[in-house]
Amino acid sequence: MKITFLGAARMVTGSCYLLEADYKRILIDCGMYQGSKLIKTFNEREFAFDPKLIDAVVLTHAHIDHSGLLPKLVKQGFNGRIHSTRVTKELCEILLPDSAHIQESEAETANRKGMRAGKPEVKPLYTVDEAETALKHFETHTYNEKIELYDGIDFTFRNAGHILGSAFIEFSITENGKETKIVFSGDVGQPGQPIIKDPSRVPQADFIITESTYGDRVHPVYDREEELRKIVVEAVARGGNLIIPAFAVGRTQIMLYYLKKLMEAKKIPEIPIVIDSPMATKATQLTLMNPDEYDDEAQTIYNKDGNLLSLPQIRFTQSVEESRALNFMPSPMIIISASGMADAGRVLHHLKHNLWRADSTVLFAGFQAEGSLGRLLIDGAKRVRIMGEEIVVKAKIQFMEGFSAHADKNQMLEWFRAMEKRPKAFFVVHGDHDAAFNFAEELQRNLGTATAIPQYGDSVVIEGTDWHMETSHLIPEELPEGQELHEALRKFERDIALYKTRIEQITARDSSKATDIRKKIEKAKKYVDEILKNV
Ligand SMILES: [Zn+2]
Ligand SMILES: [Zn+2]
């Protein structure tokens, strides 16, 4: 049999693996590339296989970087089943049409500009209708149920504890009388996350395809509920609003969970809490309807209250008008809105209306990517641009680390260390260059197992428990160096905007410095020209 790595290879996004065994072709995940403009162009390229010849898809979880190209796959002729857990399907019913909606409106915007420039029409990657069609291919299963996919090919979903419905997949494949067990980790959850259960134990396996998102990092250990209490109390004392940018799926429900606990214990004042994101509202409803997914603590609350996340103070907005009306309501209140890194979504207009207010607070919970508005704010930007408007930052900016849905390096190692028998090899995926290499090294050192860090298009050929790698015959589009340079240039672009503000401030105070600064900038430009001449 053969596994070809067709996404999330030396990067965190676009998960997709092709498993070929016994004349069957099975895709594990079919994810979209998310991130910078350059990375997103990978969504447009042709699949490295013929979608019509894929027999089945097995999906680890609903996140778009694992499920987002399923509508494209179906559109291009895939006609088999997409296997997932029930909750993953329910989440995909929310996420895939939403993703399609984004594709449609991006194409529309591009065409509006493009037509004026005489460019050819841009087609969306897929439409809402095409996403709906893809959803008809789903077939759902419960955790720990052995599914006989084909003669000699079985798989089982195990709880990955990452988001609601998430799974890692245990394959058992018998070829020429030899059985091989392979685990695809999908995304592995951070143990101790509120609401959902911790990841199940890894079963005995010969080969493991493992994620490595936090392969070179460790989450800080602290009492998150207590930290949140302090931030809320301080925010209320300042008198303004508390804005929490949060991912619609997962993070919003975790925030609500903590806030409900704190409010019921009278540890924070009883102020209104508004969820202002249609997708977060849907994801919260889904969480409420799936108590089977809860961990023990959440289960206890559910049994007592009959509802995990409700409070008289919590309300959900529906329309855009309702969302806008929040700006005219008396403070203080807590507004939770997407997106989590404040690079899009309704949270932008709440930031526009609150960042300039010295009495307001903005709380970022979790990792903020380089180049995002969230990152700029936690790095201390004094002025930012939001929807074309310059906004001064006077609000208190708070940041809580460690809110990750991913296990960190040590938690991943612990997870594998608990296995009865060491696997033959690990294939390290779903991590950027440094994370993947560091994690592979840790696996070797701690478990003494072989590791490989496949590049896009590489394959592993497996016979029983023997294996060897075959390097790619595909063009290596995903050059990590190229990406790093691209990201560095993007950051540089942001830096220049900041330099500009700083220079303007300096020269506004003292105009005599202008000539000197201008000369020095000319010098810096010459230096860059020199560098480019020499490469
Ligand atoms: Zn995920
Ligand atoms: Zn992922």
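Predicted model: local features only at pLDDT ≥ 70, side-chain atom pairs only at ≥ 80, totals over all residues.

**A helix, a sheet and a core**

Let me begin with helix H4, residues 86-116, which lies across strand S5 (81-85) and strand S6, running at about 110 degrees to S5.

Strands S5 and S6 belong to an open sheet of eight strands, and the order is S6-S5-S4-S3-S2-S1-S22-S23, with mixed pairing. At the edges stand strand S6 (138-141) and strand S23 (466-470); each has a single partner strand, so one side of each is left without a neighbour in the sheet. On average, neighbouring strands of this sheet are turned by 20 degrees against each other, direction ignored.

Within the sheet, consider strand S1, residues 2-5, and strand S2, residues 17-21. These two run antiparallel and are joined by four bridges. Opposite Tyr17 in S2 stands Phe5.

Tyr17 brings us to the core. In the largest nonpolar core there are 131 residues, and Tyr17 is listed among those with the most contacts inside it, together with Val57, Leu70, Ile169, Ile244 and Met255. Helix H7, residues 251-264, supplies the largest share of this core, seven residues. As general background, nonpolar side chains tend to be buried together in soluble globular proteins.

Finally, which residues does Val57 touch, leaving aside those up to four places away in sequence? Val57 touches Leu27, Cys30, Leu70, Gly80, Ile82 and His83.

Definitions and conventions. Residues numbered from 1 in each chain as written. Chains lettered and ligands numbered in written order. Core = buried A, V, L, I, M, F, W, Y, C linked by C-beta atoms within 7 Å. Buried ≥ 20, exposed ≤ 12 C-beta atoms within 10 Å, placed from the backbone. Contact = placed C-beta atoms within 7 Å. Pairing = 2+ DSSP bridges. Axes fitted to C-alpha atoms, helices over the stretch in contact; angles between N-to-C directions.
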